[in-house]
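Biologist: I am new to this structure and would like to learn how to read it. Please take me through it feature by feature.

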Amino acid sequence: MMARRMVAGNWKMNMVADSAKELVRSLSVADAPCGVDIVLFPPLIWLRELMSEAGDGGLYFGGQDCHEADFGAFTGDISARMLSVAGCSHVIVGHSERRKFHGEGDARVLAKARAALEHGLIPIVCIGESLENRERGETFEHLGRQLDAGLVPLGDDLTRVIVAYEPLWAIGTGRTATPEQAQEVHEFLRGRLHAAAPDQDVQDFPILYGGSVKPANAAFLMEQPDIDGFLVGGASLEFESFWAIIKAAGVDG
Ligand code: PGA
């Protein structure tokens, strides 16, 4: 278990300015449990307003994706460098929705993670198996491939990356991995990450769980020794549900 825990709110393509500001205001004045970092991934068009709304309320902000090049003819994209200059501290790369709807593979995800690190951002690298993988008993084989191609080449930099395990069958479905299923995978991931960077402490590889995290299941998931926090989609869009998850991630639950 890493020293600090994290709860990340991936808003995806949701929220408009007023409701976004209201949510950020509530989060920035609430009394966060100690030891939990809260990171928000809003649509970037609201970023500046939200950062000023947050003030010094202890919230971190990040991009939902980045391009690996610094500048260029890439319509609609945003670079890691730009996110960094705008004040972001984190960026999600390899989210399953980017992989599915934008055809991004592991090599691309690796390039994005490298660009993020180069510009001082912490990449949250998402991996996860499909329902088909799981039903065929290929979960670990699939995750191993994603790790080998998208993460292992980072070597010692793996301690500067956060891995998010998000089983595809759990994202937005209301069907969460059981604490035992998630723990089994997180333990496997930690072992593989440590094998790729053996000089680092085995606890120094933060691993988040994502996929239908809700107030009702967060505390049970958090009890698992290899779960360091959550990447939350739907439940991060409302203060009550997101705050309940943040509280469950606190050291005293
Ligand atoms: P969900 O999304 O919490 O709505 O399942 C998680 C994610 O896609 O990061």
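Biologist: Does Ser-212 count as buried or exposed, and why?

Modeller: Bear in mind that this is a predicted model. A residue is called buried when its relative accessible area is under 20%. Ser-212 counts as buried because its relative accessibility is 8%.

Biologist: Where is Ser-212 placed?

Modeller: Ser-212 sits in the loop between β7 (207–210) and α9 (215–222).

Biologist: What does the side chain of Ser-212 reach?

Modeller: For a polar contact, look for a pair of N or O atoms within 3.5 Å. The side chain of Ser-212 reaches the backbone nitrogen of Thr-173 at 3.5 Å. A polar atom of that Ser-212 side chain also lies 2.6 Å from the backbone oxygen of Ala-170.

Biologist: What is the phi of Ser-212?

Modeller: The phi of Ser-212 is near 55°, a positive value in a residue other than glycine. Met-15 is another residue to look at: it is not a glycine, yet its phi is positive, about 85°. Met-15 is found in the loop between β1 and α1.

Biologist: Now the ligand. Which residues come nearest to the ligand?

Modeller: There are 13 residues around the ligand, and Lys-12, His-95, Glu-166, Gly-172 and Ser-212 come nearest. By class, the shell around the ligand divides into four nonpolar, seven polar and two charged residues.

Biologist: Which atoms of the protein lie at 2.8 Å from an oxygen atom of the ligand?

Modeller: One is a backbone N or O atom of Ser-212, which lies 2.8 Å from an oxygen atom of the ligand. Another is a polar backbone atom of Gly-234, also 2.8 Å from an oxygen atom of the ligand. The ligand has 280 Å² of accessible area on its own, and the protein covers 97% of that area. Lys-12 takes part through its side chain: a polar side-chain atom of Lys-12 lies 2.6 Å from an oxygen atom of the ligand.

Biologist: Next, the strands. How many residues of strand β2 are buried?

Modeller: Strand β2 covers residues 36–41, and six of its six residues are buried. To read a strand, check which way its side chains point. Val-36, Ile-38 and Leu-40 point one way from β2, while Asp-37, Val-39 and Phe-41 point the other way, and all are buried.

Biologist: How many bridges join β1 to β2?

Modeller: Strands count as paired if there are at least two bridges between them. Strand β1 (residues 5–10) is joined to β2 by six bridges, and the two run parallel. As an example, Ala-8 has Val-39 in β2 as its bridge partner.

Biologist: In which sense do β2 and β3 pair?

Modeller: β2 and strand β3 (residues 59–63) pair in the parallel sense, over three bridges. Here Ile-38 stands opposite Leu-59 in β3.

Biologist: Why does Gln-200 count as partly exposed?

Modeller: Gln-200 counts as partly exposed because its relative accessibility is 23%. Gln-200 lies in the loop between α8 (179–196) and β7.

Definitions and conventions. Residues are numbered from 1 along each chain as its sequence is written. This is a predicted model: local features need pLDDT of at least 70, side-chain atom pairs count only at pLDDT 80 or more; totals for chains, interfaces and linings use all residues. Side-chain values use heavy atoms; hydrogens and water are left out. A residue is near a molecule or strand if one of its heavy atoms lies within 4 Å of it. A polar contact is a pair of N or O atoms within 3.5 Å; within protein, one must be able to donate a hydrogen and the other to accept it, and residues adjacent in sequence count only if both atoms are side-chain atoms. Accessible areas come from the Shrake-Rupley method with a 1.4 Å probe; for residues, only the protein chains shown count as cover. Ala, Val, Leu, Ile, Met, Phe, Trp, Tyr, Cys and Pro count as nonpolar, Asp, Glu, Lys and Arg as charged, and the others, Gly among them, as polar. Buried means under 20% relative accessible area, exposed over 50%, partly exposed in between (1.4 Å probe, protein chains only). Helices (H or I, at least four residues) and strands (E, at least two) are DSSP runs, numbered from the N terminus.
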